[in-house]
Amino acid sequence: MTSAERAKRLYQTELIDRLEPDHQDEYVAIESDSKSYFLGTSFVEAALAARTAYPDKKPFVIRIGYDAAFHMGGAIR
């Protein structure tokens, strides 16, 4: 299982109920090996907090309450 898959699983099994009621629309950066997570009001804020704590790791960032961190608008033709 990849670190991204572990982070998604951690969010779904341990963090979603804890974070969604009070942190809707914020971002959470998850470092899956340590199970640490970092909140931010922006993608960059959450990611930088995680990178500061774990400079050699790549955090996985989720927008709380959404299926993806970003939405790319536009039509497919």
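Here are some exercises on the structure above, each with a worked solution.

The model is predicted: local features need pLDDT of at least 70, side-chain atom pairs count only at pLDDT 80 or more, and totals for chains, interfaces and linings use all residues. Residues are numbered from 1 along each chain as its sequence is written, and side-chain values use heavy atoms, with hydrogens and water left out.

**Exercise 1. The layout**

Solution. 
- Start with the elements: the chain has two helices and three strands. These are DSSP runs numbered from the N terminus, with helices being H or I of at least four residues and strands being E of at least two.
- Then turn to burial, where buried means under 20% relative accessible area, exposed over 50%, and partly exposed in between (1.4 Å probe, protein chains only).
- Finish with contacts, meaning heavy atoms within 4.5 Å. Among those between residues at least 6 apart in sequence, 44% join residues at least 24 apart.

**Exercise 2. The bend in helix 1**

Compare the span of helix 1 with that of a straight helix, and find where helix 1 bends.

Solution. 
- Take the expected span first: it is 1.5 Å times one less than the number of residues. For 21 residues a straight helix would span 30 Å, but helix 1 (residues 3-23) spans only 23 Å between its end C-alpha atoms.
- Next, locate the bend, taken as the angle between axes fitted to the seven residues ending at a residue and the seven starting there. At Leu-15, helix 1 bends by about 75°.
- Look at the buried side of the story: Ala-7, Leu-10, Tyr-11, Leu-15, Ile-16 and Leu-19 are buried in helix 1. Their cover includes strand 1, strand 2 and strand 3.
- Step just past the helix, and Asp-25 takes a positive phi of about 75°.

**Exercise 3. Salt bridges across the chain**

Solution. 
- Glu-14 and Lys-35 meet at 3.9 Å, N to O. Glu-14 lies in helix 1 and Lys-35 in the loop between strand 1 and strand 2, so this pair ties together parts 21 residues apart in sequence.
- Finally, salt bridges that share partners join Arg-6, Asp-33 and Lys-57 into one network.

**Exercise 4. Glu-31 and Ser-32**

Describe what the side chains of Glu-31 and Ser-32 reach.

Solution. 
- Begin with Glu-31, in strand 1. Glu-31 is buried yet has no salt bridge, and the nearest side chain of opposite charge, Lys-57, is 4.4 Å away. For that charge count, Lys and Arg are positive and Asp and Glu negative, while His and the chain ends are not counted.
- The side chain of Glu-31 does make a polar contact of 2.7 Å with that of Ser-34. A polar contact is a pair of N or O atoms within 3.5 Å; within protein, one must be able to donate a hydrogen and the other to accept it, and residues adjacent in sequence count only if both atoms are side-chain atoms.
- Move on to Ser-32, in the loop between strand 1 (27-31) and strand 2 (36-40). Ser-32 counts as buried because its relative accessibility is 10%.
- The side chain of Ser-32 reaches the backbone oxygen of Ser-3 at 3.4 Å. Leaving aside neighbours within four places in sequence, Ser-32 is in contact with Ser-3, Arg-6 and Ala-7.

Definitions and conventions:
A salt bridge is a side-chain nitrogen of Lys or Arg within 4 Å of a carboxyl oxygen of Asp or Glu.
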